[in-house]
Amino acid sequence: MLATRRGFSTTTAAKLSKTSLYDFHVKNGGKMVEFAGWSMPVQYSDLGVLASHEWTRKKASLFDVSHMLQTSWVGKDRIKFIESLIVADVEALPVGSSTLSVFTNDAGGIIDDTVVNKRSESSLYVVSNAGCAEKDLKHIRSRLADFQNKGADVDVKVIDTHSLVALQGPKAVNIIADLAGATNGLKDFKFMTARELSLKGIPVYISRCGYTGEDGFEISVPHAEAVKLSELILEREDAKLAGLAVRDSLRLEAGLCLYGHDLDETVTPVEGALTWTIGQRRRTEGGFPGSAKILSQIGKGAVVPRRRIGLFVEGAPAREHVEILNPADGKVIGNVTSGCPSPVLKKNVAMGYVANGFHKAGTELQVRVRGKVQKAVVTKMPFVEHAYYRG
Amino acid sequence: MSFAARTISRLSVIRPRFSTLSLRGYATKRFTKDHEWVSVSDGVGTFGISDYAQKALGDVVFIELPEVGKVFAKKDNISAVESVKAASDIYAPVSGEVVAVNSALATSLLDQL
């Protein structure tokens, strides 16, 4: 036993990248592990995963997510360029607003999921997964070269000047409003928008978004100020540091995908239950890689071979790779891609893919965990309601 | 979770095939390299996982117990102990037949939070 399964490994760091908060994590009891080539805190010594999960849903947790890729897209043709890579309608996005989207490949599969923010009339601010950073940049730069060679005015730059921290939970807004000296309690700062703020004199670019299902913020802060900002936040009794382990149980309860597990290059946005990320205009115009395949899966006569679903599972938790069975004949009709016991619901939740036809909410299925067949039922996600601030 | 912390380490009672571990009148506790322990007394062995192992697992939320009557060979996968993040397989430290399980562990520990 004690074989870790999730892809975290405690290695004596050989050539791992460190964020600007590395020493700060260690000082605060962070248990450092390797993740996507970075040394990151999986949890902190004073707080177990369950307690940290509960804290995030009731108070506010501070996460270092500086390992994620932040890029800046500029130039007259930046919107045209990004629309040639993702499924969003970026043209229609209001200044200051953000949207979740996906980079697609020529087969219609998902290269990565990403949040795109229209930062100003002249630039886009884009955040994507740490585990896909190398792949994303290679893909973007290759397509960028093609565009530039045709005379387009566009450039994509990695933001290597800023760290990224996330403050998530119902008390996050009180803390940020206080640090910002905002007399209106940030009532006008809605979910999926971003703005420049000064937090006790520290200039940041802050988005009201996150990946936990809670209200909260992701804060892009200059490297030199990341520790100071974190310390200012942690001075508040409602804030505690949280590591990567609890991010997984939080996003799973919120029904949010983890790239590399619930999404990968073989999954189209439609199969991944992300059809909503495809802008209306994009559904008629296309223009993103794999659009023919993807658009053939939408509308009348569409053929969608498999679908991402949520499950409640009885018995032992069903985790990645567990087979999903048709109770009628015991045949395998899909597999689980993520799962865990839900601390909030006190039942097992899971995400997976099943053959088309078995995906409707309420469908009774089975899973086979360590050889034992257990009952499961298709459930709408999110499992735990989102608490996003919509004004 | 102190209830679980105290009792988790005692998972099953096995009647071993070979009681090489027992001396007359003594219960001898032996450990495997994988953090299982077994203590044999009068031909009946009690086994569980070490305190080090249960601490390393963190918050345990689910334990799969073997069925009474089931016969295992040494190193068979006999149980699993789960935290929120991961499941850890537990292997039989000796061969034998399960004669009792610690039923206090049978219900999902999440209910006790």
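Which residue in E3(A) does A:Val33 stand opposite?

Modeller: In this predicted model, A:Val33 stands opposite A:Met40 in E3(A). The pair belongs to strands E2 (residues 30-35) and E3 (residues 38-44) of chain A, which are joined in the antiparallel sense over six bridges. E2(A) and E3(A) form a hairpin with two residues between them, and A:Ala36 in that turn has a positive phi of about 50 degrees. Most residues other than glycine have a negative phi, and most peptide bonds are trans. Two further sites in chain A concern the backbone. A:Ala273 is not a glycine, yet has a positive phi of about 60 degrees; A:Ala273 is found in the loop between H7 and helix H8 (280-285) of chain A. The peptide bond from A:Met381 to A:Pro382 is cis, with omega near 5 degrees, and A:Pro382 is found in the segment after strand E20 (372-379) of chain A.

The annotation places these sites in context. According to UniProt, in an unreviewed entry, "domain: GCVT N-terminal" covers residues 21-279 of chain A. The end C-alpha atoms of that span lie 37 Å apart, and the span is 27% helix and 31% strand. The UniProt feature "domain: Aminomethyltransferase C-terminal", also from an unreviewed entry, is placed at residues 306-384 of chain A. For residues 306-384 of chain A, the end C-alpha atoms are 24 Å apart, with 0% helix and 57% strand.

Next come the sheets. One is an open sheet of six strands in chain A, with mixed pairing and the order E11-E12-E13-E10-E4-E14. Strand E11 (194-199) and strand E14 (239-241) of chain A each have a single partner strand and stand at the edges, so one side of each is left without a neighbour in the sheet. From one strand to the next, the twist averages 30 degrees. Within this sheet, strand E4 (residues 60-64) of chain A pairs with strand E10 (residues 162-168) of chain A in the antiparallel sense over four bridges. There, A:Phe63 stands opposite A:Ala166 in E10(A).

Two helices pack on this sheet. H2(A) touches E4, E10 and E14 of chain A, and its direction makes about 115 degrees with that of E4(A). Helix H5 (residues 172-180) of chain A touches E4, E10, E11, strand E12 (202-207), strand E13 (216-222) and E14 of chain A; the direction of H5 makes about 60 degrees with that of E11(A).

Two packed helices are described by the angle between their axes and the distance between the axes. The axes of helix H2 (residues 49-58) and helix H7 (residues 244-253), both of chain A, come within 9 Å and cross at roughly 55 degrees. That angle makes H2(A) oblique to H7(A), and the crossing is right-handed. On the H2(A) side the contact is made by A:Val49, A:Ser52, A:His53, A:Thr56 and A:Arg57, and on the H7(A) side by A:Ala245, A:Val246, A:Ser249, A:Leu250 and A:Glu253. By class, this contact has four nonpolar, four polar and two charged residues.

The other sheet to consider is an open one of five strands in chain A, with antiparallel pairing and the order E6-E7-E8-E5-E9. Strand E6 (98-104) and strand E9 (155-158) of chain A are the edge strands, each pairing on one side only. The twist here averages 30 degrees from one strand to the next. Strand E5 (residues 69-74) and strand E8 (residues 123-128) of chain A run antiparallel and are joined by six bridges; the bridge partner of A:Gln70 in E8(A) is A:Val127. Helix H4 (residues 133-149) of chain A lies across E5, E6, strand E7 (110-118), E8 and E9 of chain A, running at about 155 degrees to E9(A).

Terms used:
Residues are numbered from 1 along each chain as its sequence is written. Chains are lettered from A and ligands numbered from 1 in the order in which they are written. This is a predicted model: local features need pLDDT of at least 70, side-chain atom pairs count only at pLDDT 80 or more; totals for chains, interfaces and linings use all residues. Side-chain values use heavy atoms; hydrogens and water are left out. Axes are lines fitted to C-alpha atoms, for helices over the stretch in contact, and angles run from 0 to 180 degrees between N-to-C directions. Angles under 35 degrees count as roughly parallel, over 145 as roughly antiparallel, 65 to 115 as roughly perpendicular and the rest as oblique. A crossing is left-handed if the near helix is turned anticlockwise from the far one by less than a right angle, and right-handed if clockwise. Contact means heavy atoms within 4.5 Å. Ala, Val, Leu, Ile, Met, Phe, Trp, Tyr, Cys and Pro count as nonpolar, Asp, Glu, Lys and Arg as charged, and the others, Gly among them, as polar. Two strands pair if DSSP finds at least two bridges between them. UniProt positions are given in the numbering used here, feature names are shortened, and annotations may be inferred rather than shown by experiment.
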